[in-house]
Amino acid sequence: MTITRQIRTPIMHRAVEVNGLVFVGGTIADDTSVAMGAQTENILSKIAGYLKEAGTDASRIVSATIFVTDLSHKKEMDAAWTRFFGDDLPARATVGVADLGGGALIEVVVTAAK
């Protein structure tokens, strides 16, 4: 089994590929001062870029775990999510958390097929 690690940061690799799957670590928005919808759009755009570097694309995302600090903004997140994915929605879990650090309202982790 070959493990390929890509897009290194000081504390992790953004994407790790193994057995035909690409795992993208927790991703937050570049600007955490904006609303939930804008943060969601920015995160999904960043994830699409990570997946492109890993040789796949966002249409191949099969699973996502989303951490949010305020579930009352879930509708705004869902709207951005469905605009991005259209009818090709991945399996998903949304988890409410107390804090994500840095003012982030949302953090997304995905797994995509290669």
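The dialogue below goes through a predicted model, from the whole chain down to single residues.

Colleague: What should I know before reading the values?

Modeller: This is a predicted model, in which local features need pLDDT of at least 70 and side-chain atom pairs count only at pLDDT 80 or more, while totals for chains, interfaces and linings use all residues. Residues are numbered from 1 along each chain as its sequence is written, and side-chain values use heavy atoms, with hydrogens and water left out.

Colleague: How many helices and strands does the chain have, and in what order do the elements run?

Modeller: Helices (H or I, at least four residues) and strands (E, at least two) are DSSP runs, numbered from the N terminus. This chain has 2 helices and 6 strands. Starting at the N terminus, the order is β-β-β-α-β-α-β-β. The radius of gyration is 14 Å, close to the 13 Å that the globule rule gives for 114 residues, so the chain is as compact as a globular protein of that length. That radius is taken over C-alpha atoms, and the globule rule is 2.2 Å times the number of residues to the power 0.38. The C-alpha trace spans about 40 × 35 × 20 Å along its principal axes.

Colleague: What share of the residues count as buried?

Modeller: Buried means under 20% relative accessible area, exposed over 50%, and partly exposed in between (1.4 Å probe, protein chains only). Here 37% of the 114 residues count as buried.

Colleague: Which residues of the largest nonpolar core touch the most other members?

Modeller: A nonpolar core is a set of buried Ala, Val, Leu, Ile, Met, Phe, Trp, Tyr and Cys residues joined through side-chain atoms within 4.5 Å. The largest one has 23 residues, and those touching the most other members are Val24, Ile47, Ile61, Ile106 and Val108. At least two core residues come from each of strand 3 (21–27), helix 1 (36–53), strand 4 (61–68), helix 2 (74–85) and strand 6 (106–113). Helix 1 gives the most, with 6 residues. Take Ile47: not counting residues up to four places away in sequence, Ile47 has contacts (heavy atoms within 4.5 Å) with Val24, Thr27, Ile61, Val108 and Val110.

Colleague: How do I describe the way helix 1 and helix 2 meet?

Modeller: Two packed helices are described by the angle between their axes and the distance between the axes. Axes are lines fitted to C-alpha atoms, for helices over the stretch in contact, and angles run from 0 to 180 degrees between N-to-C directions. The axes of helix 1 and helix 2 come within 8 Å and cross at roughly 35 degrees. Among the residues that meet are Leu44 and Ala48 in helix 1, and Trp81 and Phe84 in helix 2.

Colleague: Is Thr40 buried or exposed?

Modeller: Thr40 lies in helix 1. Thr40 is buried, because its relative accessible area is 0%. Beyond residues up to four places away in sequence, Thr40 touches Met77, Ala80, Trp81 and Ile106.

Colleague: Is Asp30 buried or exposed?

Modeller: Asp30 sits in the loop between strand 3 and helix 1. With a relative accessible area of 62%, Asp30 is exposed. Leaving aside neighbours within four places in sequence, Asp30 is in contact with Asn42 and Lys46.

Colleague: Where is Thr111?

Modeller: Thr111 is in strand 6. Its relative accessibility is 16%, so Thr111 counts as buried. Apart from neighbours within four places in sequence, Thr111 is in contact with residues including Leu21, Phe23, Arg60 and Val62.
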